[in-house]
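I opened the notebook to look up an interface, a ligand shell and the aromatic pairs. The entries follow in that order.

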Amino acid sequence: MTALPGETHRKMGLVIDLDTCVGCHACVIACKGWNDQGYGAPLSDEDPYGPDVLGTFLNRVHAFEVVPDGHDGPISSFSCGEAAASGLPGHLAPPAQAKTVHFPKSCLHCEDAPCVTVCPTGASYKRVEDGIVLVNEDDCMGCGLCAWACPYGARELDLAAGVMKKCTLCVDRIYNETLAEEDRVPACVRTCPAGARHFGDLADPDSDVSRLVAERGGIGLMPEQETRPVNKYLPPRPRDSGGDAPALTPVATACGEEAAEGEMAPWLAWLDRTLERI
Amino acid sequence: MTPPYDDPPLDLNHRPGDRVAKTTCYMCACRCGIDVHLKEGRVTYIEGNRDHPVNRGVLCAKGSAGLKQVTAPSRLTSPMKRVGPRGSGQFEPITWEEALGIATDWLGPIRAKDPKRLAFFTGRDQSQSFTSFFAQQFGTPNYAAHGGFCSVNMAAAGIYTMGGAFWEFGQPDWERTELFLIFGVAEDHDSNPIKMGLGRLKARGARVIGVNPIRTGYNAVADDWVGITPGTDGLFILALVHELLKAGKIDLDYLARWTNAPVLVDAETGLLRRDDDGRQLVRDRVTGAIMPFDRHGVRPDLAARDGADRTVFQLLAERYLAPQYAPDAVAERCGVPAARIRAIAAEIADVAFNRTITVKQPWTDFRGEHHDEMVGRPVSFHAMRGLSAHANGFQTTRALHMLQILIGSVECPGGFRFKPPYPKPVEAHPTPHCKCQPDCPLNGPHLGFPRGPEDLALADDGSPARIDKAFSWENPMSVHGLMHMVISNAHAGDPYEIDTLFLYMANMAWNSSMNVPEVMHMLTDTREDGEYVIPRIIYADAYASEMVAYADLILPDTTYLERHDCISLLDRPISEAEAAADAIRWPVVEPDRDVRGFQSVLIDLANRLGLPGFVDGNGEGIYEDYADYILRHERRPGIGPLMGYRGNGDQTGRGHPNPDQLERYIAAGGFHLAHIPEEALYYKPWNKAYQDWAVGLGLYDKPQPYIFQLYCEPLRKFQRAAEGHGERQPPDHLRDRLQRCLDPLPIWYAPESVGGQASAAAEAAAYPIHALTQRPAAMYHSWGSQNAWLRQIHGANPLYVPDAVWQAEGFEDGDWARVRSPHGEIVVPVARQSALNAHTVWTWNAIGKRKGTWALDPAAPEATEGFLMNHLIGTLLPPKGDGHRWANSDPITGQAAWFDLRVSIEKVAPRALSEPQFPALPAPPRG
Amino acid sequence: MHPAPSIIVFTVFSGLGFGLLAWLGAGFLAPTGWAAFAHYALAFALAGGGLIAATFHLANPRNAVKSFSQWRTSWLSREAVLAAATMAVMGLQAALSVFAAPVAALGWLGAGLAVATVYATAMIYGQLRSVPRWHQPLTPVLFVVMALGGGALLAGQVLVALILLPLAALVQIAVWLVGDGRFAAAGSTMESATGLGSMGRVRLLEPPHTGENYLLREMVHVVARRHAVRLRWIALAAMAPLPVLMLLATGGGTVAATLAALCHLAGALAARWLFFAEAEHVVGLYYGKR
Ligand SMILES: Nc1nc2c(c(=O)[nH]1)N[C@H]1C(S)=C(S)[C@@H](COP(=O)(O)OP(=O)(O)OC[C@H]3O[C@@H](n4cnc5c(=O)[nH]c(N)nc54)[C@H](O)[C@@H]3O)O[C@H]1N2
Ligand SMILES: Nc1nc2c(c(=O)[nH]1)N[C@H]1C(S)=C(S)[C@@H](COP(=O)(O)OP(=O)(O)OC[C@H]3O[C@@H](n4cnc5c(=O)[nH]c(N)nc54)[C@H](O)[C@@H]3O)O[C@H]1N2
Ligand code: SF4
Ligand code: SF4
Ligand code: SF4
Ligand code: SF4
Ligand code: SF4
Ligand SMILES: [Mo]
């Protein structure tokens, strides 16, 4: 049924930590592996060993570069002499450097899921009990319109099966009584080596995922598309701050003796004094 | 609104298979535990084993894609013998009986006449303690695994300095560290543990600083990124040392107790002062007497003098306080502003000394002194090939260890920790052995740690005893051998000719060789009489790799789910800082082709050759196959390949062989753990409780506490030889370099200066850009491309170019470039990257494939667009006009200097094929 | 968006067919006997053929019949229902016309349904916020005007065609002009797509896979700017000024009308090709394609 439920009882979804994701693609392949033999038709690979290999994946990891305003090349093109000459303090933050952000993306299980309402056959639906957006492959005619409607590229038509595939939020894992309690999480979450993927109920303000979103300022993608994604992304923490440690003072200076660079005597005096105290 | 929500019924209790087999992953050397789900005997799904100490349930992309490896069409299907010219790829399937017959006919006479005419080298070998045993019993000195081209600098620098190394032999104290600096790491062998560790640091809010010319992966998530210019880390690290020393932010107590900083250095010889038993001497601060470092109650004095003799610490301070190591003096060369170097030094000092942690755990040190608590300096470091794969990598890595030690953060809470069997000082390692005689085993293990010139592997005439010239004056401390020199030396007949080259699991005709076209030539080159210069080549691979075409006899291996393996404490185990651990693989599916596990094949071969240790007095084989060897082999009485379930099944470490051992491992999930007692968890080299535990487990036979060697005496011994002291003398052309590079205290020298400084500057001007490779997390060297899932992620590789070069060359998206080095040129697609050192370009390693290999369509992007950087890298440096061809390797360890590559770059018209291209290889026949 | 021939054919031909049916239904021409048969056959061939072409786009046509079920939410479902209803009503009208006489009320109903069908077709695209160029009120206007203009040509309604074709051209120009600014106006950028805008400008470093995927094939199609402009001129000329000139010059003979219709068809196909090819899906932002 392609009408959206007004509110779902729970909003199960993923919270992805862009501060921690190392872009290893583990979640991509775990997802492929689980869903190749789980929910619905297998995820096919056309021309698997040929020039035009094309497979269905429900989760893909992009890599972006973010170039800060005022960035004029990486730090190494910043003249070292300049920094020294400017007499800036020792814990000066380096000039703006570009950042790399690895960016996993699967279905965001939107609350206002346009992919659901466009579906002519009723194959696409959003579950009322947990908000998971699914495709009932028995009803799908493979028109592809839902994939067009999704701003995020979260749906891929499987070319062999002729049906629409998308992230199922591992619905066949998270309630799976044949699995140990701790394994009732999506395959991508279970496998993520860096622990960058979190799963839970975003409708519950006290859930771990909701707390993470609140603490770290989690965001939804493309708010202007008004899809109200359930999945949230935790932005990278500020980078290249240079730390906030107090600058070091030479022992010789600290003891009131001025030492020329490389001169040993005052330093040895410090050593002797210090060793006395140990 | 409430339309009728009749959500379709779902099978929420789906099961991927009907049973689960727990074994060990082999998609890389991290060796995670896996749960293999099987349905009617077919692999349906692979996930991480939650109980496994290495990965605790997580699994990387390669690991999950393992099931595609087991069905890959590239799998070899039967033994083969070459029928066309070598290199043509023409083979005929043969039976195992014929294959083993041929091998025996080739090897038998060699052993009877001159065993060294067999060169047996193994690549990504996880059974080195077994393959080396075979080679030793055969009697050839010519054995090593791939360590020499991989990361021997890491291992050697670590063990010579502190009895343990980064690599996978130690780890940061992930739970306690507050500041983590990671140098030159893209993936490392400890792939999953590093990612898990970074995740834990992030969750705790600890800070991570990445030092790497390239900001991807671990360096992308690092809080701060230092985009250093390649090859200059030594300068950067020594500038940090300079700053810390100058500010007195060093752990004097730690240095005095646990290191050779207070040891007196003989002013005349530069050797450490020792007593008659060879124990290093210190001056006791309390009594003022000179005594051995390990005397009960001694308080070693860092500031001691005895005549002209001073302590290591004084020499060290004097050296690094010198202005040449000041941040301002190095900043330009490192590409890191001095202010940033100072800020990082300040941060290290702040965390180490202002955020000290104490663990309320009493312990007793080897001098018998009791301590109420464990004091930790929560700064930790990790490094890998970004430091080691340079010709100055040994000294750079030593510099980093020195930095760790100066702030007292090795083997303390929050610092860097060893994994059993480490810590293990040089003294506990063998020396190299090379004495070979007809029909005799070698006189000892091939590889070891030379203590000085007396341990070099030299023939009586002073020439190198080994085909790879390991442990010769060119690279005296080449503790892993030099696999990358074997083919060129064998081709040149230098130091001698060989009959048979026997390779296992190394794609030497492609991604593991430098200057690939030249290697292909050497493998196929013939003499005047039409014979091949390298007369016979045997190769064991599991897949249709590029190397297969260059062998005369192919021994096809099983895949990792089809055989027994053991990941042994005798070898490279999977221990954690808290526990010793080992593991097995076992056949969870039956091979559907005529292939055999290589280790079992080697046992069959050893039996046919009648090798001692493999056959009994009657010439009968002792071991049926590798599984049987794992169960029954004993290195020392009671010590075998696996530590678990020995004796009657209730003994760990020591105990007689137990026929049920493998079954017990399988039932336990494929691995075994031996936890280190609480009291022994830190300060392991000096902790009595740890030493006793290690002896109990059989890691060694008596306690062997030691102190860290900031001053590395073996280096000084080689230096002295170069100065003319001693009987064994280096050739004259090497004297200067030995003196310059084998400094007993860490130094930095320009990598390109190892072949003489004069031409280095000119070269730098002609080839101004550094060119690097990185491992992609989702690919393992050459084997990932045959995997239908992984090759979709990395099917081709662009050359990443920094903004400065991008703009200078006027590149645009979709452009191509010609990249030149003194050794060759390649033409490749380019892509832009801003978060990249301005003098550096790079690409993913080993994505490019030769047409027709790996069962890929010849039009596959891996073969058309994909490329190798290797074509640009030479095994030898360009001629310097001094009559010598210097190796492109570290002068101390022989480590292949992959990352010293320098190139020039020029825009060319876009095209469809990368260059060079080689003729397509035919698919091997299916037997 | 990938300009798939099946969809271009579907939308253009079914549009013309329903346009023709609309004029037939509205009684602007009320042929009977063989003439009725010919007109209705043409209309049904175009409309039905278009719909059949559309099924070529389905990867799993077995379930096509289920597309009638979701008319409450789905424009594609509505289109299916409306198309079927139009065909049924106008089928009856056709039978009556051929064998007896058309019924005006039935015709008006059919005409209304035909226009609604075209509107629904347009809304399949117009509703998609993810394709900003399409997501504008003029999209359905364009489809309807084109259908009616082309239908008028086919119906031999020269006068109506002379009014509607220039109108269609004007709407088309407006759609292009407005459309060119829609992506920017929608506010979707690589920064909003990634949420990383506060850190700086976002650039793709590495696509998720080096290989192709369904999304790129289906939704990322790049036409060269110069090529597009040229094609716009050709499409525009062929869709309205040329047919209009032909009609004016010849006074609307059958041959001229046929030629004009063919010329318009060519223009409509070209314009529809552009409609798809020029439409950028916001997903391209994740691939650095914009
Ligand atoms: N440019 C550049 N080159 C490099 C490096 C670099 O950083 N840059 N790194 C270097 C380093 S550190 C290394 S370790 C080497 C690695 O390079 P190689 O040692 O060549 O390693 P691989 O490509 O992993 O594979 C070796 C062979 O093992 C085979 N194999 C896989 N599984 C099995 C099995 O189960 N049994 C058997 N018998 N064979 C199997 C594969 O088919 C392949 O032919 O590359 C080196 N080359
Ligand atoms: N996924 C995956 N994992 C693997 C492998 C694989 O092929 N794939 N291979 C395994 C093998 S054989 C090995 S040896 C290990 C190697 O593990 P790594 O050492 O992580 O291997 P590399 O990819 O060579 O990474 C070297 C890193 O050093 C950086 N670097 C280069 N030069 C310098 C320098 O001068 N200074 C600094 N600071 N950084 C520098 C490069 O940018 C790169 O990030 O990985 C193992 N793990
Ligand atoms: S597995 Fe985790 S760290 Fe790796 S790419 Fe996926 S989210 Fe990122
Ligand atoms: S991400 Fe796309 S597919 Fe998923 S619910 Fe939102 S719109 Fe639908
Ligand atoms: S492809 Fe399937 S799920 Fe998607 S809109 Fe069409 S019928 Fe619905
Ligand atoms: S939740 Fe399941 S289906 Fe969705 S991306 Fe993760 S593994 Fe794939
Ligand atoms: S890191 Fe990946 S490939 Fe390596 S052993 Fe672990 S799961 Fe296997
Ligand atoms: Mo390696």
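I count a polar contact when a pair of N or O atoms lies within 3.5 Å; within protein, one must be able to donate a hydrogen and the other to accept it. The model is predicted.

Entry, interface of chain C and chain B. I looked up polar contacts and found six residue pairs between chain C and chain B, with both residues at pLDDT 80 or more. I then searched the interface of chain C and chain B for salt bridges, and the rule finds zero. By class, I list two nonpolar, three polar and two charged residues on the side of chain C that touches chain B. The contact draws seven residues from chain C and 12 residues from chain B. I noted a buried area of about 780 Å² between the two chains, with 44% given by carbon and sulfur atoms. On the chain C side, C:R203, C:L205 and C:T210 lose the most area to chain B, and together they make up 58% of what that side buries.

Entry, ligand 4. I found 14 residues around ligand 4, and A:C107, A:L108, A:C110, A:C115 and A:C150 come nearest. I sorted the shell around ligand 4 by class and got 11 nonpolar, one polar and two charged residues.

Entry, aromatic pairs. My search of the whole structure gave 66 aromatic pairs over all chains. I looked at B:F130 and B:F614: their ring centres are 6.3 Å apart and their planes stand at 80°, so I log the pair as edge-to-face. The pair links distant parts of the chain, 484 residues apart. B:F130 sits in helix α4 (residues 128-138) of chain B, and B:F614 in the loop between α18 (598-609) and α19 (626-632) of chain B.

Terms used. Residues numbered from 1 in each chain as written. Chains lettered and ligands numbered in written order. Predicted model: local features only at pLDDT ≥ 70, side-chain atom pairs only at ≥ 80, totals over all residues. Heavy atoms only, no water. Contact = heavy atoms within 4.5 Å. Buried area = accessible area lost by both parts, 1.4 Å probe. Salt bridge = Lys/Arg side-chain N within 4 Å of Asp/Glu carboxyl O. Polar contact = N/O pair within 3.5 Å; in protein donor to acceptor, adjacent residues only side chain to side chain. Nonpolar A, V, L, I, M, F, W, Y, C, P; charged D, E, K, R; others polar. Near = heavy atom within 4 Å. Phe/Tyr/Trp six-rings, centres within 6.5 Å; stacked < 30°, edge-to-face > 60°. Helix = DSSP H or I, 4+ residues; strand = E, 2+ residues; numbered from the N terminus.
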